[in-house]
Amino acid sequence: MAAVLLGLLLFAMQSPPVPSRPMADEGPPPPPTSLPTDNGTTSHPNGTLQQLPHIIIIGVRKGGTRALIEMLSLHSSMAAAQNEVHFYDWESHFQKGLPWYLSQMPYAFPDQLTVEKTPAYFTSSKVPKRIHQVNPDIKLLLILRDPTERVLSDYTQVFYNRLQKHKRYQPIESVLVGKGGEINLGYKALNRSLYYVHMQNWLQYFPLESIHVVDGDELIRDPFPEMKKVERFLKLEPQINASNFYFNKTKGFYCLRDHGRERCLHDSKGRAHPHVAPAILQKLYQFFQEPNKKFFELVGRTFNWK
């Protein structure tokens, strides 16, 4: 019986990895020529290789993760996975093992660092232990916004998704407030903004020195200083500069300029939030006051949240 199980395991490990999706303006990635080596890489004759991530943007949803990975990609030392991989939080992906995870990574040169982002990692209780088991020395980036603003962005995304699919949606007041007029603690978006709850879980496995918290509100207002902090945390050679960013008055947020090319985030980013009654907003601000204090104590710094 043991021999049969061992044979099945070896067969599974030899299954060819599925190539990651290429960028729109590139051809298909070259097929890997070997299975992952002991150091977690798959090489190609042109000198590039797929590597397990050195850096993971772990969240938070609607915190600015897409903006962060796009801005980080301005640095020549970065090789970024184009899609959210969901390896550590989706069982269907996790069961495929590290060879599959590696296959989702971009081809990069040996001196580049690979980064992936999956915002759902931060709020998943099982993810910190799983990442630690694979790489206890990994660098983690966490981008956060004012918890109330993040809740409203969360609702806005779901609202537009349902609208596009011609599905019914609940008015924001009905999901934020229960029948008794109190905050609806069953609303998942509220839980995602209880940052200290999730941070406690991560700090069981990683020291605070391995986690850099990016101020998502400041990244929106003035991205350059925040990105310099990220460069220092990752010990990168300074490359990103103020000329890489320009404010797009039409879109209402900063866009990127890289070697003469200009690009902005998708139109789904920066959508206006629905109107919320001031009384309900005040309840949200009050609700998050104590959780915010606990988070500030955990990370040893404060943020300008209402």
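**Reading the model**

Modeller: This is a predicted model, where local features need pLDDT of at least 70, side-chain atom pairs count only at pLDDT 80 or more, and totals for chains, interfaces and linings use all residues. Residues are numbered from 1 along each chain as its sequence is written, and side-chain values use heavy atoms, with hydrogens and water left out.

Colleague: Is His75 buried or exposed?

Modeller: His75 sits in the loop between helix H2 (65–72) and strand S4 (78–80). Helices (H or I, at least four residues) and strands (E, at least two) are DSSP runs, numbered from the N terminus. Buried means under 20% relative accessible area, exposed over 50%, partly exposed in between (1.4 Å probe, protein chains only). His75 has 1% relative accessibility, so it counts as buried.

Colleague: Which backbone oxygen does the side chain of His75 reach?

Modeller: Contact means heavy atoms within 4.5 Å. Leaving aside neighbours within four places in sequence, His75 is in contact with Glu231, Leu236, Glu237, Gln239 and Ile240. At 2.5 Å, its side chain reaches the backbone oxygen of Glu237.

Colleague: Which side chain makes a polar contact with the side chain of Thr48?

Modeller: Thr48 lies in the loop between strand S1 (41–43) and strand S2 (49–51). Its relative accessible area is 8%, so Thr48 is buried. A polar contact is a pair of N or O atoms within 3.5 Å; within protein, one must be able to donate a hydrogen and the other to accept it, and residues adjacent in sequence count only if both atoms are side-chain atoms. At 2.6 Å, the partner side chain is that of Asn46.

Colleague: In S5, what is the bridge partner of Gln50?

Modeller: An open sheet of three strands runs in the order S1-S2-S5, with antiparallel pairing. Two strands pair if DSSP finds at least two bridges between them. S2 and S5 pair over two bridges. In S5, Gln50 has as its bridge partner Tyr107.

Colleague: Why is H6 called oblique to H12?

Modeller: Helix H6 (residues 147–164) and helix H12 (residues 278–299) have axes 9 Å apart and an angle of about 125°. Axes are lines fitted to C-alpha atoms, for helices over the stretch in contact, and angles run from 0 to 180 degrees between N-to-C directions. Under 35 degrees is roughly parallel, over 145 roughly antiparallel, 65 to 115 roughly perpendicular, and the rest oblique. The angle of about 125° therefore makes H6 to H12 oblique.

Colleague: How many residues of helix H9 are buried?

Modeller: Helix H9 covers residues 195–202 and is mostly covered. Its buried residues are Tyr195, Tyr196, His198, Met199, Asn201 and Trp202.
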